[in-house]
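Please walk me through this structure in plain terms.

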Amino acid sequence: MAVAGCSLTIAEGEIVVIIGPSGCGKTTFLRCINRLEAPTAGSVVLRDEPIGGQMRDGRWRPFTESELASQRRRIGFVFQRFNLFNHLSALDNVAIGPHRVLGRPLAEARRIAAGQLERVFLAEHLEKRPAQLSGGQQQRVAIARCLAMTPELMLFDEPTSALDPELVGEVLDVMKGLAQERMTMIIVTHEMGFARQVADRVIFMDAGAFIEEAPPEPFFSTPREERTRRFLSRLLR
Amino acid sequence: MTLDWSIIREAIPLLAQGVVATVKISVLAIVFGTVAGFLLGLGSFSGLPPIRWFVRSYVDFVRGTPLLVQVFLVYFALPVVGINLSEFWAGVVALSFNAAGFIAEIVRANIEAIDRGQTEAARSIGMTPRQVLVFILLPQIFRPVLPPLTNELITLVKGSSLLSVISVYELTRAGQAIISVHFVPFEIYALIALYYYVLISALAWLSRALERRLHVA
C-alpha cells in the first residue's frame, strides 16, 4: 500500500510543501488529488465538491474519465518530466486548454496563452517546439499551460528534480511569483531552501504516512520526530 | 539459353496495361484500407467492450488467414449476401479488408507507444479521452506510421498478383494470358518480375523521399 491514513486540509491561498524519501508515497498522494490515481479509500473534496465521483442513492459512484475531465480543469498539475505536447509550439501547448477544453476561439486562446507565457518570462519563445527549449523553459511552459486554465489549486510533483542545477532557479522564481499572488499550491520537492521561503506548512512523509507537519521555521530548526531529523540531516549534509 | 525476344517486345506494352490495373487496385486498396484501418485502430481504444472485441477479432482473422483465402472468401461470399461486384471490385474489397487489418495494428501500436505522460498531461488540463486521442495522440502518430504504411502499400502491390486467380486483369494475369497463347513462361514471368521490381522500387524511393522531407519539418 503506497499511502495510508494521510489527511490534508488546505485553505485558499495556502502553500503546503511535502518532503520525504523516494518511494514514500508523496507522488501517489498528489496524483490522488486530481484523480490520476484512484484511492481505494478516502475522499478528495474541493470547496464542498467531491472530486472523482458522487454519492447516488446512498452509494459512491466513481466518475468516468469524461466526467472527471470537467473536474480536472479546476486543478493544475505540473509534472516532474514536464510532459509538454511535442507536436505543438509553446504557444499552442498553452492555448490548447483554453481552446479545446474551455471552448474559447483560437485567437483568444492564443492571446491568453501569450499572456501566460509572458508571466513566466518566455515571451520570445512562443513559436518554439518543446524539443527546442531547455528543461527549465519547458517546465515554465508547463506551468503556463496550467495557469491558462485558471485553476483553483496547483499541484507540483517535484517540478525541478529533472532539471540541470543551473536551470532550477528560473522555475523556482516563477513558483515564488505564484506564491506571492496567493495561488493555492501543494508542492512535492527536495528544494529545502525554497520550501523554507515559500511554504506555510511543511509535511514530512515516510512509508506512506504523514510523520510530521509544521510551519517551516519550527519544522526545519526543531523537528520533533526522529525520522524527520534523520531525513533532514541526510539532505542538508 | 535462347530467349524469344520478339515475344518479349510484344509483351512489354501488353504487360504495361496490366501494370496500370495493378496500380489502380493498389491505390484504391491502400486508400480504403487506411481509412478503415485508422477507424479500427482508434476503435481498439473505445470505451465499449463490444467494439474492442470486434476490432480484436477482425485483426486476428485478417492476420491469421492467407490473403488468397480472403480473396476467395470475398469473391464467393459477397454474392451469397446479395452483393454482386465485378471481380475487379471484389479484389479491391478483399485487399482493402486485408490492409485495414494490418493498418489497424500499426495505428494501435503507434498510439500505445506514445509516452504515458502525454495522456496524463492532457487529462490533467481537463481533456476527455476522446479529446486526448484526437488532439494529442493522433497528431503525434502521423510521422511514425508513414514507414509501416508505405510498407503496407508495397505488400498490397505484391498481394494484388493474387487477384489473378479470380481473373482480375492485373499484371500477373496479363502475363498468364500471353503465356497461354505463346508458351513462353520463363520470358514472361521474368518480365513480370522486372515490372513489379521497378514499380515497387519506385514506391520505396518515393516513401524514403517523403520521410526525409517530413523529418526536416
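Helices (H or I, at least four residues) and strands (E, at least two) are DSSP runs, numbered from the N terminus. Counted in this way, chain B has 9 helices and 0 strands, and its elements run α-α-α-α-α-α-α-α-α from the N terminus on. Taken along the principal axes, the C-alpha atoms of chain B fill a box of roughly 70 × 50 × 25 Å.

The model is predicted, with local features needing pLDDT of at least 70 and side-chain atom pairs counting only at pLDDT 80 or more, while totals for chains, interfaces and linings use all residues. Residues are numbered from 1 along each chain as its sequence is written, chains are lettered from A and ligands numbered from 1 in the order in which they are written, and side-chain values use heavy atoms, with hydrogens and water left out.

Helix packing comes next. Axes here are lines fitted to C-alpha atoms, for helices over the stretch in contact, and angles run from 0 to 180 degrees between N-to-C directions. Angles under 35 degrees count as roughly parallel, over 145 as roughly antiparallel, 65 to 115 as roughly perpendicular and the rest as oblique.

Within chain B, helix α1 (residues 5-43) packs against helix α7 (residues 146-159) at an angle of about 135°, and their axes are 9 Å apart. α1(B) and α7(B) are therefore oblique to each other. Their crossing is right-handed; a crossing is left-handed if the near helix is turned anticlockwise from the far one by less than a right angle, and right-handed if clockwise. In contact (heavy atoms within 4.5 Å) are T22(B), S26(B), A29(B), I30(B), T34(B) and F38(B) of α1(B) with L149(B), E152(B), L153(B), L156(B) and V157(B) of α7(B). By class, these residues are 7 nonpolar, 3 polar and 1 charged, where Ala, Val, Leu, Ile, Met, Phe, Trp, Tyr, Cys and Pro count as nonpolar, Asp, Glu, Lys and Arg as charged, and the others, Gly among them, as polar.

In chain A, helix α3 (residues 90-101) and helix α5 (residues 135-147) pack at about 25° with axes 8 Å apart. That angle makes α3(A) roughly parallel to α5(A). The two helices cross in a right-handed sense. A90(A), N93(A) and V94(A) of α3(A) touch V141(A), A144(A) and R145(A) of α5(A), a set with 4 nonpolar, 1 polar and 1 charged residues.

Helix α3(A) also meets the other chain. Its axis comes within 12 Å of that of α6(B), and the two cross at roughly 140°. α3(A) and α6(B) are therefore oblique to each other, and the crossing is right-handed. Here I96(A), R100(A) and V101(A) of α3(A) make the contact with Q131(B), F135(B) and I136(B) of α6(B). This contact has 4 nonpolar, 1 polar and 1 charged residues.

The pockets remain. On a 1 Å grid over the protein atoms alone, a cavity is a set of points where a 1.4 Å probe fits but cannot get out, and a pocket is an open set with protein on both sides within 12 Å along at least five of seven lines; lining residues have an atom within 4 Å of a point. Grid points are joined across faces, edges and corners, and a volume is the space filled by probe spheres set on the points.

The largest pocket has a volume of about 880 Å³. It is lined by 32 residues, of which L8(A), F29(A), I33(A), S43(A) and V44(A) are the closest to its centre. α1(A) gives the most to this lining, with 4 residues. By class, the lining of the largest pocket has 20 nonpolar, 8 polar and 4 charged residues.

The second largest pocket holds about 510 Å³. Among its 19 lining residues, F45(B), T119(B), P129(B), L133(B) and L137(B) lie nearest the centre. At least two lining residues each come from α2 (65-72) of chain A and from α4 (87-113), α5 (116-124) and α6 (129-141) of chain B. The largest share, 6 residues, is supplied by α6(B).
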